[in-house]
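Hi,

Here is the structure I promised to pass on. Have a look first, and my notes follow below.

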Amino acid sequence: TSGLFGSVGSGTSQKSGNGVELTFAEGQPGTEYNKGQPFNFGFVIKNYQNHDLTDMKIKISGIEWGYVTGLEKEYTVSSIQAATAQSGPGIYSGLYIQGITVDKFTNRYNFNPKFNYCYTAKTQYREQVCIPSRSTNSCDIKVEPSVYQNGPITVKINSLRNFGDTTLGLDLQITNSLSGKVVNECFKTDDYANEYKINSITLGTITGDCSKTQNKLVGNTAVISCTFPRGGDDKAYPSQLVVD
């Protein structure tokens, strides 16, 4: 038989503590295959996000499908547990494809499929902030830094300031910080702008109004502009910003 050699590609693997990582199980597949001889794919999927995944899709490309049997062009994984502080990422190893064969070619064929995957990503962000004083529009108290976030889209405060005596204005920059791409539709990557959704945003116990923001990422970044009623007294005071 003719030899069939080649590494198997991993597509747009996130490989980050805040996204989803797709790898092969050890030895599944191996590094060498023979023409017409069946082999297996075993996947290990790690979810580093704080929510369960119910809609992960894997699409295989980069091969001559007429040579391949036993392999579908797309697979769906409908249940991967969220990461926890106690046990780490949610791990799924139930996607195991048996009996794949590559045949019908004459000499050597470089079998090197690419595995792209798509999933719903969510970012959770919390930061202790200082509400500026009304008189100076600045913070003249000490606020201990405290930031937490989880998810592929990172959040950063650009500015927090008074608009008059009764309103606070907040500008946030959000950035896709991983190697994957935010898309409007799975496996469709040619859109100029890509949509995201603000599930909730609160400053202390008050919900922000972000209705004037166009919820689109352009070039992997966007700015969220929101307003909040200003509470408390005239002096600066600490609060907490929470964004989902």
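**Notes on the model**

Asn 137 is partly exposed, because its relative accessible area of 35% falls between the cut-offs (buried is under 20%, exposed is over 50%, with a 1.4 Å probe and protein chains only). Before I go on: this is a predicted model, where local features need pLDDT of at least 70, side-chain atom pairs count only at pLDDT 80 or more, and totals for chains, interfaces and linings use all residues. Residues are numbered from 1 along each chain as its sequence is written, and side-chain values use heavy atoms, with hydrogens and water left out.

Back to Asn 137, which sits in the loop between E11 and E12. Its phi is positive, about 55°, although the residue is not a glycine. The E numbers are strands: DSSP runs of E with at least two residues, numbered from the N terminus.

Ser 146 lies in that loop between strand E11 (124-131) and strand E12 (147-150) too. Ser 146 is partly exposed, with a relative accessible area of 43%. What does Ser 146 touch, if residues up to four places away in sequence are not counted? The answer is Arg 126, Glu 127 and Gln 128, where a contact means heavy atoms within 4.5 Å. Ser 146 and Gln 128 are 18 residues apart in sequence, yet 5.4 Å apart in space, C-alpha to C-alpha.

Tyr 125 stands opposite Gln 149 in E12. E11 is also joined to strand E20 (residues 237-243) by seven bridges, again antiparallel. There, Ile 131 stands opposite Tyr 237 in E20.

Two other loops are worth a look:

- Asn 220, in the loop between strand E18 (216-218) and strand E19 (221-229), has a positive phi of about 70° although it is not a glycine. Asn 220 is partly exposed, at 32% relative accessible area.
- Pro 29 is in the loop between strand E2 (20-24) and strand E3 (32-34). A cis peptide bond joins Gln 28 to Pro 29, with omega about 10°.

Next, a sheet. It is open, has three strands in the order E7-E5-E10, and its pairing is antiparallel. Strand E7 (74-77) and strand E10 (114-118) are the edge strands, each pairing on one side only. Strand E5 (residues 56-61) and E10 share five bridges, and Ile 58 stands opposite Tyr 117 in E10.

Finally, the largest pocket. How much space lies in it? About 1,100 Å³. A pocket here is an open set of points on a 1 Å grid over the protein atoms alone where a 1.4 Å probe fits, with protein on both sides within 12 Å along at least five of seven lines; lining residues have an atom within 4 Å of a point. The volume is the space filled by probe spheres set on the points, which are joined across faces, edges and corners.

Of the 36 lining residues, Tyr 119, Ala 121, Lys 181, Val 182 and Val 183 are the closest to the centre of the pocket. E5, E10, strand E13 (153-163) and strand E14 (167-176) are the elements that give two or more residues to the lining. E10 gives the most, with three. By type, the lining has 17 nonpolar, ten polar and nine charged residues (Ala, Val, Leu, Ile, Met, Phe, Trp, Tyr, Cys and Pro count as nonpolar, Asp, Glu, Lys and Arg as charged, and the others, Gly among them, as polar).

Cheers

Note on methods. Pairing = 2+ DSSP bridges. Helix = DSSP H or I, 4+ residues; strand = E, 2+ residues; numbered from the N terminus.
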